[in-house]
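Please walk through this model with me, one piece at a time. Keep the sequence and the 3D view side by side.

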Amino acid sequence: MNNDLRSILDQQLQQQTRRHFFERCGIGVGAVALQQLLAQSGLGAFSETNPLAPKQPHFPPKAKRVIFLFMAGGPSQLDMLDYKPALNKLNGQPIPQSYVEGKRFAFMDSSHRINLLGTRRTFAQYGETGSWVSDLLPHTAKIVDDLTFIRTCKTDLFNHAPAKLFMNAGTGQFGRPSMGAWLTYGLGSECNDLPGFVVLQSGPRGPRGGAILWGSGMLPSTYQGVPLRNKGEPILNLTTPEQVTEEKQIEVIRAVRQLNSMRLEQTGDDEISTRINAYEMAYRMQSSAPDLMDTSDETQETLDLYGIKDPKESTFARNCLLARRLAERGVRFIQLYHTNWDHHGGPTENLEKHLPEISKEIDQPCAGLVKDLQRRGLLEDTIVIWGGEFGRTPMGEVRESTGRNHHIDAFTMWFAGGGFKPGVSYGETDEFGFGPIDQSVHVRDIHATVLHLLGLNHERLSVRSQGLDFRLTGVLPARVVREVLV
Amino acid sequence: MKDMPPLPRRSLIYALVGLWAFAGGASLSADDELRFNRDVRPLLSEYCLACHGFDATKREAGLRLDVREGAIEELDSGEVAIRPGKPEESELIKRILSHDEGSVMPPPETGKKLTQAQKETLLRWVREGAKYEPHWAFAKPQPQTPPADPRFAGDFGNPIDAFIHQKLEQRGLKPSSRAAAETLIRRVHLDLVGLPPTPAEVREFCDDYASRGLTAYRERVDKLLQSPHYGEKWGRWWLDQARYADSHGYSIDAPRSIWPYRDWVIQALNRNMPFDQFTVEQLAGDLLPKPTSSQIVATGFHRNTQINQEGGVDPEQFRIESVFDRVATTGTVFLGLTIGCAQCHNHKFDPITQKEYYQLFAFFNNQDEPEHTLFPDGIDAASLKKEREQTLRLLDDAIRPYESKLEEWEMGLAKEEQEKLPKPVKDALKVDSRKRSALQRATLFAAGISKNAQSEKTESSIAELQNKVREIDRELSKGVNTLVLREKPEGRKSTVFIQGDFTRPDEPVQPGVPGVLHAMSVEGKEKYDRLDLAKWIVSPDNPLTARVIVNRVWQVYFGKGIVETENDFGLQSAVPTHPELLDWLAVQFMKDGWSLKDLHRQIVCSDTYTRSSLVRDDLLDVDRDNYLLARQQRLRLDAELVRDVGLAASGLLSPKLGGAPVFPPIPDGVMTQGQVKREWKVSQGEDRYRRGVYTFIYRATPPPSLNVFDAPEGNSSCTRRNRSNTPLQALTLLNDAAFVEFAGALSKIIERDGLEVAFQRCTSRKPTEPELAVLSQLDPFSAARVLLNLDETLTRE
């Protein structure tokens with residue numbers, strides 16, 4: 001064979017090899033920043049095979065990590081953050097037909113109604129920015145100047161599980177990676193004794209959709225979110241079995257390593273070195289995760305800041321504190337789910353009683369987290385996101401008590417730190433808070449913006465599957481909302 | 001291409017000179033033919049076709065490069081993208097060589113960049129006349145003659161080896177030698193039945209192999225293909241593609257009963273049902289003439305879609321979501337095409353229009369989604385139901401004379417008396433007296449009248465009839481439900497949906513198939529149905545299905561397919577590493593009557609399959625990832641097999657086949673991760689130790705020990721599993737209660753039979769001295785834990 005053709009074939013082979021390598025190992029972006037990990041792990045050549053090794057972003061990032069406070073169920077922006085006096089004036093009147101013409105809603109065949117519902121809450125303006133906040137969020141009200149509000153968030157799907165998937169994975173379709181998986185795939189992890197993507201839960205039940213919300217889709221399970229539990233072992237199977245002493249456990253791990261190393265020598269298969277690495281990290285996790293969960297080294301002042309009464313109790317407040325501890329340890333993506341925000345007006349989910357209760361559960365902890373990150377210098381490179389899978393309608397529902405239906409045209413989320421411009425309110429909704437009158441911000445735009453702050457171009461962070469390049473932001477246009485960035 | 005001022009001619013000439021210098025253009029010789037499909041199409045597809053391809057709505061500058069006519073035609077701008085033979089007059093060449101950010105192709109904002117060598121390929125292609133070929137996968141596989149060179153024949157005389165060896169020879173590579181006997185037997189056991197051989201089996205085989213060589217191996221293969229565990233191992237391969245799981249998914253994720261479909265798959269594979277029939281029964285069993293119960297169960301394939309039970313959903317929206325899923329899954333699984341991409345717009349890369357998508361959609365838009373009840377052998381449900389009706393009529397007649405007495409008794413019942421009555425009686429009383437069933441009236445009769453009935457005969461005959469109905473009901477309750485498809489007598493109308501949005505119907509469509517593939521024609525039929533589609537898929541004229549399936553079987557044995565993009569054979573697909581071999585296998589598969597077992601035998605009885613998997617230094621630079629298959633590949637076992645090997649090694653494995661899914665122990669707290677906390681009542685007895693394929697899969701809370709080893713949750717079709725290698729896997733093997741239990745059992749074996757036997761049970765080989773030295777320092781339980789954690793135990797070598 002002539003040299004030229006050989007070089008063409010080689011080229012092709014390399015291309016395929018690389019493609020396979022990308023798929024398998026996820027080293028899809030930039031160069032591998034090995035030095036840092038090598039220094040930390042002292043493992044030399046083995047680290048080459050660690051798929052979670054830190055990677056270079058596409059361009060210098062503003063932020064290094066994300067804390068996503070996910071208010072599962074869809075919080076009512078109209079009773080908390082988006083003040084609409086017209087709703088109260090026209091309480092009980094039907095919303096003009098032009099607003100709802102051709103729109104679809106959840107519960108169309110049962111409790112959905114078109115009569116406007118005024119808020120029962122009292123709103124006031126706070127901070128230098130004069131942001132409107134209701135009496136449900138007195139602590140949040142004190143930090144409005146540190147927050148970036150986007151009041152015209154928009155999503156495509158109005159049922160809980162599909163919408164949650166949409167907020168996480170940019171699509172209602174199954175089998176795609178969630179945002180946390182994308183980030184650990186794109187950037188690796190800066191923490192070598194905890195997972196790169198951690199999920200914490202609080203509230204009466206798990207979020208609708210379950211594990212798929214933090215799934216890795218077509219990416220290897222290396223990148224999927226790991227639930228950290230407040231009760232029992234923090235990570236499944238983290239604890240050495242009861243009948244095994246620590247000495248024995250170390251003996252076992254050491255022997256596994258010895259035998260695996262011998263096999264590595266016999267076979268030359270890199271995968272064995274990856275496995276040896278994985279056991280090292282597993283062992284480190286066995287001590288680092290309980291350390292993380294043990295908050296006894298926190299001062300009373302800090303506990304008070306978050307509003308933690310009993311530090312042992314599994315609450316959203318404790319999870320906020322854990323989020324800061326995870327951020328300190330370099331975990332890339334930290335997601336907190338708090339249920340249940342689905343205030344339709346049923347006997348256990350109404351605006352009169354249950355919205356105030358749950359608001360109280362999250363208000364001080366959220367504000368405490370932002371302040372704590374700030375005073376520790378972490379807010380600079382940590383993005384905090386607050387929001388649900390959608391918002392709620394200006395119209396009330398007909399159920400046993402007062403409630404609102406799911407709403408996707410415009411709802412409020414707030415962001416802090418990591419390059420978001422503090423004290424900004426972006427996007428304005430119409431007099432009823434139904435739709436945007438300017439600057440609609442789609443979930444895709446939010447994703448593009450967050451990736452941008454982390455140094456990633458959302459059009460370049462992709463994975464090849466089925467012959468196609470999949471992206472968090474999909475194929476429809478998405479834009480970085482530069483107006484809200486520093 | 002965007003409208004741009006033409007590049008100055010000078011800079012192009014410099015660029016061309018530079019490129020030739022780089023590629024050594026002068027040395028090109030005429031017999032090194034550039035092949036469009038292998039060398040050029042992947043470049044066009046990757047770098048050009050998203051904007052200059054099949055989809056007219058997204059076509060830039062009116063240029064289309066997927067067909068030659070488009071490429072050589074004069075554009076509105078007056079330029080010509082490709083002037084065959086004249087690269088210097090071809091705009092495409094100018095643009096790819098341009099250094100100007102505004103005019104270079106592909107545009108910098110796509111993040112894509114051609115390498116020098118790729119530019120050289122395109123240049124050479126244009127210079128040599130810009131010949132196009134039809135996409136290989138859309139042309140029928142052609143019969144291939146294996147290379148005849150006797151050096152390539154191999155020990156098995158298997159044509160596979162001739163193809164593989166020829167390519168190795170061309171690259172100057174020598175294949176590895178055959179793997180050791182104990183590696184071979186473990187490999188073929190794990191690959192065919194998913195269980196390791198016992199130490200006795202290993203010994204027996206090694207002796208047999210030493211004396212009879214490959215004959216011993218072939219006989220072992222035949223024996224394994226007859227094992228009922230074959231269906232369990234390869235059933236899981238199919239269930240991945242069928243997106244099987246045991247719950248409805250989405251937020252409520254209630255359990256569902258569809259395991260009879262899982263058993264159908266396992267049994268069909270065990271019986272070696274021809275793959276064409278296997279396909280037809282799953283896609284359209286209900287439409288076969290006088291379908292058997294088993295053929296109806298088979299339609300569960302397309303009932304593995306999720307059902308959204310959360311409040312406030314529009315059922316039509318999620319019905320259509322299921323239909324979308326069925327179209328996409330059919331495309332991926334049987335055609336290896338990303339048809340789902342054309343749901344909202346014409347396909348970007350493949351010649352599939354949005355309208356054609358909805359023609360396929362129309363096949364799947366006409367079904368009801370009922371349950372089908374299966375009865376154990378010996379229960380004839382139809383005659384039992386008939387008998388039940390007759391008995392009820394007799395019962396009715398027998399009670400009628402006592403109507404007024406019953407009424408009297410009821411009227412006379414005091415409240416406190418009523419309270420004391422047994423529950424069935426109270427329930428019957430709650431029903432409006434005119435609406436009570438014969439059974440309910442019989443219950444009341446027994447409670448109120450029979451004590452002082454006039455005739456003991458009547459009384460006993462009523463009781464008898466009542467008992468008979470109860471008995472029949474007991475028999476009928478032994479039925480198991482499973483989800484199936486049933487064609488609706490009157491068709492739903494199908495239309496194109498604008499942007500894939502079901503609230504925006506557009507042009508009406510009839511069932512039909514994409515024009516790029518073979519035609520569908522059934523004589524005397526005007527409107528096609530799912531059965532026609534199924535038969536069209538397994539038609540010998542179909543260029544795709546046989547190739548797709550043999551490739552997907554191949555990848556299980558070697559870690560990747562001959563076409564690496566196992567779920568995309570379209571224009572974006574990877575070029576086959578051995579195209580002639582792929583065609584040979586596909587043609588042979590169809591010739592063998594679509595026999596999967598013959599295909600397995602063909603592959604595993606080859607030199608290529610039986611080679612050593614040891615990594616070779618001399619291959620690292622030339623073929624690090626083993627595309628050319630000079631050696632075998634070490635592969636981490638699939639999730640279920642990690643469990644199965646642990647169970648088998650520790651002697652706990654239950655070999656029981658089929659039946660309802662089981663609930664082996666899982667860590668506390670797993671089931672609270674979803675919206676609704678589902679019960680996980682740990683199975684007792686042997687069901688605690690069943691193979692992984694039988695573990696109950698909740699989609700929202702998948703069993704963690706399977707999940708960490710990349711088992712799919714059944715949310716979408718999975719055609720190739722990831723093989724991740726993570727700390728959570730280490731934690732599972734070290735600490736999970738199930739593996740601790742396996743270790744306990746294995747430690748007893750160590751105590752009884754010694755370390756060597758235990759080591760063999762895990763790896764099928766004897767430990768070396770240094771290995772034994774490490775293990776013998778440990779107590780039996782620790783040693784057992786070590787063995788179950790070894791990379792080798794989890795790996796098929």
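Predicted model: local features only at pLDDT ≥ 70, side-chain atom pairs only at ≥ 80, totals over all residues.

Two strands count as paired if DSSP finds at least two bridges between them. Find Tyr126(A) and look across to S4(A). The bridge partner of Tyr126(A) there is Ser131(A). Now widen the view to both strands. Strand S3 of chain A covers residues 123-126, and strand S4 of chain A covers residues 131-134. The two run antiparallel and are joined by four bridges. Together S3(A) and S4(A) make a hairpin, with four residues between them. Gly127(A) sits in the turn and has a positive phi of about 70°.

Move along chain A to helix H7, residues 160-169. How many of its residues are buried? Ten of ten, so this helix is mostly covered, given that a residue is buried if 20 or more other C-beta atoms lie within 10 Å of its own. The buried set includes Lys164(A) and His160(A). Leu165(A), Phe166(A) and Met167(A) are also among them. What do these buried residues pack against? Their partners are helix H8 (179-187) and helix H14 (443-453) of chain A. Just after H7(A) comes Gly170(A), with a positive phi of about 75°.

Step back to the domains of chain A. The assignment gives domain 1 as 58-231 + 314-484 and domain 2 as 238-298. Over C-alpha atoms, the centres of domain 1 and domain 2 of chain A are 37 Å apart. Eight residues of domain 1 of chain A are in contact with eight residues of domain 2 of chain A. On the domain 1 side of this contact, four residues are nonpolar, one is polar and three are charged.

Turn to chain B. It holds 35 helices and eight strands. Along the principal axes, the C-alpha atoms of chain B fill a box of roughly 115 × 75 × 50 Å. Chain B has 797 residues, and 50% of them count as buried. Take the contacts in chain B with a separation of 6 or more: 69% of these join residues 24 or more positions apart.

Chain B is assigned four domains. Domain 1 is 9-133, and domain 3 is 381-478. Domain 2 comes in pieces, 232-372 + 488-539 + 551-585. Domain 4 is 636-796. The centres of domain 1 and domain 4 of chain B lie 53 Å apart, over C-alpha atoms.

Now zoom in on one residue, Asp532(B). It lies in helix H23 of chain B, residues 530-537. Is Asp532(B) buried or exposed? Asp532(B) has 20 other C-beta atoms within 10 Å, so it counts as buried. Set aside the neighbours within four places in sequence. Asp532(B) is then in contact with Met520(B), Val522(B) and Lys525(B). Leu287(B) is 245 residues away from Asp532(B) in sequence, yet the two are 9.5 Å apart, C-alpha to C-alpha.

Finish where the chains meet. In all, 83 residues of chain B are in contact with 71 residues of chain A. Which elements give two or more residues to the chain B side? They are helix H6 (116-127), helix H31 (727-735), helix H34 (769-776) and helix H35 (780-789) of chain B. The largest share, eight residues, comes from H31(B). By class, the chain B side has 29 nonpolar, 34 polar and 20 charged residues.

Note on methods:
Residues numbered from 1 in each chain as written. Chains lettered and ligands numbered in written order. Domains from an automatic or database assignment. Contact = placed C-beta atoms within 7 Å. Nonpolar A, V, L, I, M, F, W, Y, C, P; charged D, E, K, R; others polar. Buried ≥ 20, exposed ≤ 12 C-beta atoms within 10 Å, placed from the backbone.
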